[in-house]
Amino acid sequence: MSKQESWTFETLEYVRPDFDEIKNRYHTYTDRVKKAASGEEVVKAILDLDKESRVYQDMYNLVHIRHTLDTSD
């Protein structure tokens, strides 16, 4: 989303992560690091993992905010 786009909190979509799929994807990155022929390949695998992990972190943050939003109690 560019800085120019307009959005509201309500429009942010939560997508429940498939934890089995996440586990398998993380194993893929581990394998890439183990099989890397160079330091550049290791760095690329780690950066790819970090990019993908941000999506899961965003979903966690979104659900946490929505869960704790009502502080009337």
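Predicted model: local features only at pLDDT ≥ 70, side-chain atom pairs only at ≥ 80, totals over all residues.
The protein chain contains two helices and zero strands. Along the principal axes, its C-alpha atoms fill a box of roughly 55 × 30 × 15 Å. The radius of gyration is 17 Å, whereas a compact globule of 73 residues would have a value near 11 Å. Buried residues account for 10% of the 73 residues. The chain exposes about 6500 Å², and 54% of this area comes from carbon and sulfur atoms. Of the contacts between residues at least 6 apart in sequence, 58% join residues at least 24 apart.

Charge comes next. The chain carries 11 positive and 15 negative side chains, and the centres of the two sets are 6 Å apart. The structure has four salt bridges.

One of the salt bridges pairs the side chains of Arg32 and Asp48, with 2.9 Å from N to O. Arg32 belongs to helix H1 (residues 19-35) and Asp48 to helix H2 (residues 39-68), so this pair ties together parts that are 16 residues apart in sequence. Arg32 is partly exposed, at a relative accessible area of 32%.

Asp48 also forms a salt bridge with Lys44, where the closest N and O atoms are 3.0 Å apart. Both of these residues lie in helix H2, four residues apart, which is about one turn of the helix. Lys44 is partly exposed, with 46% relative accessibility.

Another salt bridge links Arg54 and Asp50, whose closest N and O atoms are 2.6 Å apart. This pair, too, lies in helix H2 with a spacing of four residues, about one turn. Asp50 is partly exposed, at 34% relative accessible area. Through shared partners, salt bridges join Arg32, Lys44 and Asp48 into one network.

Conventions:
Residues numbered from 1 in each chain as written. Heavy atoms only, no water. Rg over C-alpha atoms; globule rule 2.2 N^0.38 Å. Buried < 20%, exposed > 50% of the residue type's maximum accessible area, 1.4 Å probe, protein only. Contact = heavy atoms within 4.5 Å. Areas by Shrake-Rupley, 256 points an atom, 1.4 Å probe, with all protein chains shown as cover. Lys, Arg positive; Asp, Glu negative; His and termini not counted. Charge placed at Lys NZ, Arg CZ, Asp CG, Glu CD.
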